[in-house]
Amino acid sequence: MREKRSNWQRVEAVIKWANMTTNYFARYIGLARGENLYQIKRGNNGISLDVANRIVAKFPEVDKLWLLTGEGQMFSDNRLRGAQIPYYHVEVERGIVDHETLVPDGYLVVPPVGDCDFAMCYTGHAMGPSIPSGTVLLLKAVDRDAIIPGSEYVIVGRKIVTLRTVRTSPENERVRLVAGDRENYDDIVLNVNDIVAVYMVKGKLIVTN
């Protein structure tokens with residue numbers, strides 16, 4: 001028989017599923033500070049009915065009985081699985097630099113996508129049919145040393161922000177940023193040291209009319 005999760009493990013499972021930090025989660029469910037949750041983590045408090053009600057009010061998919069007692073399953077609706085991904089309804093090449101200060105416009109639940117940090121829309125045309133205008137990008141922050149040549153990334157440079165396929169360059173200290181529509185968009189050659197941040201495209205939601 002599988003051992004029931006502790007009070008904190010159940011709260012933590014919801015926090016991870018929601019793809020939030022503990023402090024952000026606390027604010028999101030209406031707690032003035034995260035200390036209420038940290039007291040549960042330390043084992044000083046259980047999960048009060050008030051905290052459970054706050055969580056279920058924001059996440060009605062979560063089963064309140066499971067949250068309070070550990071009995072049953074985490075989800076009251078078995079159709080919903082996967083982390084909620086913060087979605088910012090801004091153009092990725094203009095808004096990604098400020099994403100940490102933005103408030104999500106909503107959350108996406110995409111079970112098969114795996115680990116990603118947030119989603120933004122792409123309204124450009126440089127990527128051609130591989131990423132058509134209107135696509136919602138599921139993005140994960142990665143170190144610039146972890147770039148895989150041939151994969152698609154949003155590159156934040158000192159002077160530019162662009163979505164491109166990253167290719168190797170004859171010069172080891174540079175990368176080529178290649179558009180999908182190479183007839184109308186030239187390659188961009190960028191010094192690796194000029195790259196400030198890198199976001200890997202983990203998935204694409206292509207919206208068709």
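Q: Are Phe118 and Tyr199 buried or exposed?
A: The class follows from relative accessible area, where buried means under 20%, exposed over 50% and partly exposed in between, with a 1.4 Å probe and protein chains only. The model is predicted, so that local features need pLDDT of at least 70 and side-chain atom pairs count only at pLDDT 80 or more, while totals for chains, interfaces and linings use all residues. Residues are numbered from 1 along each chain as its sequence is written, and side-chain values use heavy atoms, with hydrogens and water left out. On this scale Phe118 and Tyr199 are both buried.

Q: Which kind of aromatic pair do Tyr24 and Tyr28 form?
A: Six aromatic pairs are found in a search of the whole structure, a pair being rings of Phe, Tyr and Trp (its six-membered ring) with centres within 6.5 Å, called stacked if the planes are under 30 degrees apart, edge-to-face if over 60 and tilted for the rest. Because the ring centres of Tyr24 and Tyr28 lie 6.3 Å apart with planes at 15 degrees, this pair is stacked.

Q: Which helix holds both Tyr24 and Tyr28?
A: Helices (H or I, at least four residues) and strands (E, at least two) are DSSP runs numbered from the N terminus. Tyr24 is partly exposed at 27% relative accessible area, and Tyr28 is partly exposed at 25%. The two residues are four apart, about one turn, and both belong to helix 2 (residues 22-28).

Q: How far is the charged end of Lys58 from the ring centre of Tyr28?
A: A charge sits over a ring if NZ of Lys or CZ of Arg is within 6 Å of the ring centre and within 35 degrees of the ring normal. Tyr28 belongs to one aromatic cluster with Trp17, Tyr24, Phe25 and Phe59. The charged end of Lys58 sits over the Tyr28 ring, at a distance from its centre of 5.0 Å.
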